[in-house]
Amino acid sequence: MRIKLTSIMVDDQDKGLRFYTEVLGFTKKHDIPVGEYRWITVTSPEGPDDLELALEPNANPAGKAFQEAMFSQGIPIAAFEVADIAGEFARLTAEGVAFTRPPMRAGPVTLAIFADTCGNLIQLYQPA
Amino acid sequence: MLLRHEGFRRLCRARDLLRERREPSPSIADLAREVQISPFHFIRQFEAVFGVTPHQFRIQTRLDAARHLLATGHYSVTDVCMDVGFSSLGSFSALFTKRIGEAPSAYRRRVRAMVQVPGVIPADLTPGCLTLMGRLPPSAFARPARNFREA
């Protein structure tokens with residue numbers, strides 16, 4: 001058993017693909033039409049390249065309710081590791097990304113939180 | 001842009017307000033006042049957080065509600081148009097067609113044929129889970145060639 005796929009709900013798959021590739025810098029792996037929606041996955045150019053993140057539609061009202069409640073409470077839905085959190089904060093801010101928490105030390109890590117424009121808060125962390 | 005707790009909370013509140021059906025529908029400037037952000041900053045911050053302007057968000061919310069009503073209910077296109085908050089059938093139809101890819105009447109016909117039990121939305125319209133995988137072509141799972149096999 002392996003962890004090879006995980007997913008994040010987005011309120012608009014086009015917008016999600018644009019943000020996760022053009023702004024965050026992930027690479028599109030799959031974009032396959034499935035009925036009304038698409039199967040979209042991205043990978044990180046920093047690897048591992050067989051670990052995929054699916055950008056799922058949040059069309060299910062139950063999923064949407066969960067997503068919105070977590071968002072309103074300020075809770076990030078996923079966390080990505082970065083090597084230079086101050087650099088990423090500066091780069092993403094320049095791209096127009098809104099942060100709800102600037103980089104700050106929290107025990108063994110430094111973390112920051114931003115909005116992914118698709119209904120989620122995402123945490124970045126840099127291990128000490 | 002950095003939003004502190006209070007600023008973030010106001011934007012979440014604005015998102016809820018934009019979903020409300022009020023008669024007459026408040027302007028974006030009215031809503032900005034209601035959440036105590038200047039209209040300029042309101043539009044800019046909302047777009048940075050939610051990826052669309054408040055106006056676009058409201059339109060999208062109404063079109064989503066329209067889709068739902070057309071799929072599950074027994075309402076005419078005109079009733080749906082009024083119910084979700086559009087005042088003109090023409091602009092509703094034009095926006096719906098542009099965004100969804102087919103006219104409201106065509107959507108209603110096509111989707112209602114998929115609904116088997118009254119009131120139950122077909123799974124195709126609410127995937128939101130990894131079941132989408134089941135309908136992928138085998139190529140989506142293609143494995144890279146293993147070196148030892150080539151040897």
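Start by selecting the contact between the two chains: 29 residues of chain A meet 21 residues of chain B, where contact asks for C-beta atoms, placed from the backbone, within 7 Å. This is a predicted model, in which local features need pLDDT of at least 70, side-chain atom pairs count only at pLDDT 80 or more, and totals for chains, interfaces and linings use all residues. Residues are numbered from 1 along each chain as its sequence is written, while chains are lettered from A and ligands numbered from 1 in the order in which they are written.

Stay on chain A and colour the side that touches chain B by class: 14 nonpolar, 12 polar and three charged residues. Here Ala, Val, Leu, Ile, Met, Phe, Trp, Tyr, Cys and Pro count as nonpolar, Asp, Glu, Lys and Arg as charged, and the others, Gly among them, as polar.

Next, pick out the largest nonpolar core, with 24 residues, including A:Phe99, A:Phe114 and B:Phe46. Such a core is a set of buried Ala, Val, Leu, Ile, Met, Phe, Trp, Tyr and Cys residues joined through C-beta atoms within 7 Å; buried means that 20 or more other C-beta atoms lie within 10 Å of a residue's own. Show α3(B), which provides the largest share of this core, five residues; helices are DSSP runs (H or I, at least four residues) numbered from the N terminus.

Now zoom in on B:Phe46: leaving out residues up to four places away in sequence, B:Phe46 touches B:Leu11, B:Ala14, B:Thr53 and B:Pro54.

Finally, select domain 1 (1–51) and domain 2 (54–119) of chain B, with bounds from an automatic or database domain assignment. Their centres, taken over C-alpha atoms, are 25 Å apart.

Note on methods:
A residue is buried if 20 or more other C-beta atoms lie within 10 Å of its own, exposed if 12 or fewer, and partly exposed in between; C-beta atoms are placed from the backbone. Helices (H or I, at least four residues) and strands (E, at least two) are DSSP runs, numbered from the N terminus.
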